[in-house]
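Welcome, and please open the model in your viewer. We will go from stop to stop, with something to select at each one.

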Amino acid sequence: MTAVRYDEITNWDHFATFVSDVFGPAPSRGRFLFRGQSSSDWRLESSFDRIFPNLLPADRMRSSQTLVRSFIEECKVGGYLPSELHQLETDEARFDINCTAFAQHHGLPTRLLDWSLSPWIAAFFAYSSGARTTPQNGTPALWVLDTHSDVWSDDSVAIVNSNLLRFPRIQAQSGCFTFNRSTAKTIDEYADELGAEPATLIQVELPSLDAQRALAHLEIMGLSPSSLFPDIEGACRAAMQSHALSNQKATSRS
């Protein structure tokens, strides 16, 4: 028995119906977390575990903490550490998680994984990442995590929301994190190892041929690179997405 339930949507028009059927017309905000990935072949693997795949299981958390601490020390030397973090140094648990979120925000590989409280925002990331990749490998997918499962805990895979640091991106993306403190390389591997109930995690394959229509629909809803990344990177992502979609349209006509 696996903790992951696999599903498929064959037409973008059915996405809203799927969300309503599975989670109800007004799902309890916060019970389910959503993550979009441009390939259904990809597991729920953090950037740290992806970049350092050969570490022994027992060394994964220790090594990732060492990297974050080195980053924080460099920030202190350079005067880049926000005052909010300085004020937390006497509270080790909150200091560590906020430092990890701060590090990931600035591009350091960590064992955090980004999620959203919105299935629509997660769908945007599933399609947008694929639109900027040529060729696209695999089928875009939406992951769903049920926070009510008892397999999640602060000592293993924690569900965290870094409220202290009000990054505009996190707010725009209705963002939150999972923090993999376990010896497992991926979150789905961890849930399977613990014998979690089926549908603790759900992976939904999305129709890859509907990418252009889905992104156009999501933009009408106010979900675009520039709205979800309200900074210079958002402008860059918007230009790249527009360019990639234009090339796809030109290719489909030829």
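Begin with Arg-5, which has a relative accessibility of 34% and therefore counts as partly exposed. Keep in mind as you look around that this is a predicted model.

**The whole chain**

Zoom out for a moment. The protein chain holds 11 helices and seven strands. Of its 254 residues, 48% are buried. Among contacts with a separation of 6 or more, 79% are between residues 24 or more positions apart.

**Salt bridges**

How many salt bridges does a search of the whole structure find? The search gives 10. Let us visit some of them.

Asp-7 is partly exposed, at 28% relative accessibility.

Next, select Asp-13 and Arg-213. Here the closest N and O atoms of the salt bridge are 2.7 Å apart. Asp-13 sits in the loop between strand 1 (4-8) and helix 1 (15-23), while Arg-213 belongs to helix 9 (residues 211-220), so this pair ties together parts that are 200 residues apart in sequence. Arg-213 has a relative accessible area of 36%, which makes it partly exposed.

Now select Asp-146 together with Arg-31. Their salt bridge brings the closest N and O atoms to 2.9 Å apart. This pair also links distant parts of the chain, 115 residues apart: Asp-146 is in strand 4 (residues 141-146), and Arg-31 is in the loop between helix 1 and strand 2 (32-37). Are the two partners buried or exposed? Asp-146 has a relative accessible area of 12%, under the 20% cut-off, so it is buried. Arg-31, at 30%, is partly exposed.

**Helix 1 from its end**

Select helix 1 and colour Phe-15, Phe-18, Val-19 and Phe-23, which are buried. Then turn the view to look down the axis of the helix: the buried residues fall within an arc of 100°, so they line one face. In general, an α-helix has 3.6 residues a turn, so residues three or four places apart point the same way. Just after helix 1, select Gly-24, whose phi is positive, at about 90°.

Show helix 3 (residues 60-78) and helix 5 (residues 92-105). They pack at an angle of about 80°, and their axes are 10 Å apart. Helix 3 and helix 5 are therefore roughly perpendicular to each other. To see the contact, select Val-68, Arg-69, Phe-71, Ile-72 and Cys-75 on helix 3, then Phe-95, Asp-96, Cys-99, Thr-100, Phe-102 and Ala-103 on helix 5. What kinds of residues make up this contact? Eight are nonpolar, one is polar and two are charged.

**A buried phenylalanine**

Move to Phe-48, in helix 2 (residues 47-51). Its relative accessible area is 1%, so Phe-48 is buried. Apart from neighbours within four places in sequence, Phe-48 is in contact with Leu-55, Arg-60, Ser-63, Ser-64, Leu-67, Pro-109, Thr-110 and Arg-111. Try the distance tool on Phe-48 and Arg-60: from C-alpha to C-alpha they are 8.7 Å apart, and in sequence they are 12 residues apart.

**Two loops with positive phi**

Most residues other than glycine have a negative phi. With that in mind, select Ser-174, whose phi is positive and near 45°. Ser-174 lies in the loop between helix 7 (168-172) and strand 6 (175-180). With a relative accessible area of 18%, Ser-174 is buried.

Then select Ala-199, which also has a positive phi, near 75°. Ala-199 lies in the loop between helix 8 (187-193) and strand 7 (201-205). Its relative accessibility is 24%, so Ala-199 counts as partly exposed.

**Last stop**

Finish at Ala-239 in helix 11 (residues 232-253). Ala-239 is partly exposed, with a relative accessible area of 49%.

Technical notes. Residues numbered from 1 in each chain as written. Predicted model: local features only at pLDDT ≥ 70, side-chain atom pairs only at ≥ 80, totals over all residues. Heavy atoms only, no water. Salt bridge = Lys/Arg side-chain N within 4 Å of Asp/Glu carboxyl O. Buried < 20%, exposed > 50% of the residue type's maximum accessible area, 1.4 Å probe, protein only. Helix = DSSP H or I, 4+ residues; strand = E, 2+ residues; numbered from the N terminus. Arc of directions from axis to C-beta. Axes fitted to C-alpha atoms, helices over the stretch in contact; angles between N-to-C directions. Parallel < 35°, antiparallel > 145°, perpendicular 65-115°, else oblique. Contact = heavy atoms within 4.5 Å. Nonpolar A, V, L, I, M, F, W, Y, C, P; charged D, E, K, R; others polar.
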